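Please look over the structure below, then read the briefing that follows.

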Amino acid sequence: FYGQSISSPVCNVEGDLLQADPKYFDFFIRIIKEKASPGEFLIQGKDPWYSCSLGKNIILDHPKEKFQAGLDNLKTALKIIKGYDSSLYEEITLISRHIQIIRDKKASPEKDVSFSDETLPGALFIGVWKGDGLLCPYMVAASIIHEHLHQKLYLLQQRFELFPPQETLIF
């Protein structure tokens, strides 16, 4: 798996061991063959790897109305990024085009939640809510940029040793 050495088991974000599943590799080949238009984001794609690797506290499925409001907020944030720096926007569509709108069951309602992981290349996990309300779209845009830069760093680290190997990388 991407980002894992042979000597390290692959675990989800909660530390539970994950087993390789041949069905996932069939799914992966299928999505590679699918053609998405350049410059398009794949938002809330149904990749089974996300569900098993994120554990039980990260919510990917949302009630329809709540999801639509979150999606509108995310799209506003993407427009903000594009207006701010179109080159950065294009880079994000190339490197980090998979965006999942998430909630974390364990996070404080007052906490903004976003993350990316080197074992999930090209995927950004973005919270668009704070408590029961929507986050400001500028905060969502900042989260997208922040997590994209992690993905970029993960890619660079795979090609060039920017940091010496260590047990746990924290960025």
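**Helix packing in a predicted model**

Helix 4 (residues 86-95) and helix 5 (residues 137-159) have axes that come within 10 Å of each other and cross at roughly 55 degrees. The model is predicted. Its protein chain contains five helices and eight strands.

- Two packed helices are described by the angle between their axes and the distance between the axes.
- Angles from 65 to 115 degrees count as roughly perpendicular, under 35 as roughly parallel and over 145 as roughly antiparallel, with the rest called oblique.
- The angle here is roughly 55 degrees, and helix 4 and helix 5 are therefore oblique to each other.
- The crossing of these two helices, helix 4 and helix 5, is left-handed.
- On the helix 4 side, the contact is formed by Leu88, Glu91, Ile92 and Ile95.
- On the helix 5 side, their partners are Ile144, Ile145, His148, Gln151, Lys152 and Leu155.
- Sorted by type, the residues in this contact of helix 4 with helix 5 are six nonpolar, two polar and two charged.

**The two sides of helix 4**

- Which residues of helix 4 are buried? They are Leu88, Tyr89, Ile92 and Thr93.
- The buried residues of helix 4 pack against helix 3 (64-84) and helix 5.
- On the face of helix 4 turned away from its buried side are the exposed residues Ser87 and Leu94.

**Helix 3 with helix 4**

- Helix 3 packs with helix 4 at an angle of about 130 degrees, and their axes are 5 Å apart.
- This angle makes helix 3 oblique to helix 4.
- Helix 3 contributes Leu78, Ile81, Lys82 and Tyr84 to the contact, while helix 4 contributes Ser86, Leu88, Tyr89 and Ile92.
- The residues in the contact of helix 3 with helix 4 are six nonpolar, one polar and one charged.

**Helix 3 with helix 5**

- At what angle do helix 3 and helix 5 pack? The angle is about 70 degrees, and the axes are 8 Å apart.
- That angle makes helix 3 roughly perpendicular to helix 5.
- The crossing of helix 3 with helix 5 is right-handed.
- From helix 3, the residues in contact are Asn73, Leu74, Thr76, Ala77, Leu78, Ile80 and Ile81.
- From helix 5, they are Pro137, Tyr138, Val140, Ala141, Ile144 and Ile145.
- The contact of helix 3 with helix 5 has eleven nonpolar residues, two polar and no charged.

- Ala77 lies in helix 3.
- Its relative accessible area is 0%, so Ala77 is buried.
- Leaving aside residues up to four places away in sequence, Ala77 touches Pro137, Val140, Ala141 and Ile144.
- Ala77 and Val140 are 63 residues apart along the chain, and their C-alpha atoms are separated by 5.8 Å.
- Leu94 lies in helix 4.
- Is Leu94 buried or exposed? Leu94 counts as exposed because its relative accessibility is 71%, and the cut-off for exposed is over 50%.
- The C-alpha atoms of Leu94 and Phe41 are separated by 9.0 Å, and the two residues are 53 apart along the chain.
- Gln157 is in helix 5.
- Gln157 has 18% relative accessibility and therefore counts as buried, since buried means under 20%.
- Leaving aside residues up to four places away in sequence, Gln157 touches Leu162 and Phe163.

**The whole chain**

- The protein chain has 171 residues, of which 36% count as buried.
- Of the contacts in the protein chain between residues at least 6 apart in sequence, 71% join residues at least 24 apart.

Conventions
Residues are numbered from 1 along each chain as its sequence is written. This is a predicted model: local features need pLDDT of at least 70, side-chain atom pairs count only at pLDDT 80 or more; totals for chains, interfaces and linings use all residues. Side-chain values use heavy atoms; hydrogens and water are left out. Axes are lines fitted to C-alpha atoms, for helices over the stretch in contact, and angles run from 0 to 180 degrees between N-to-C directions. Helices (H or I, at least four residues) and strands (E, at least two) are DSSP runs, numbered from the N terminus. A crossing is left-handed if the near helix is turned anticlockwise from the far one by less than a right angle, and right-handed if clockwise. Contact means heavy atoms within 4.5 Å. Ala, Val, Leu, Ile, Met, Phe, Trp, Tyr, Cys and Pro count as nonpolar, Asp, Glu, Lys and Arg as charged, and the others, Gly among them, as polar. Buried means under 20% relative accessible area, exposed over 50%, partly exposed in between (1.4 Å probe, protein chains only).
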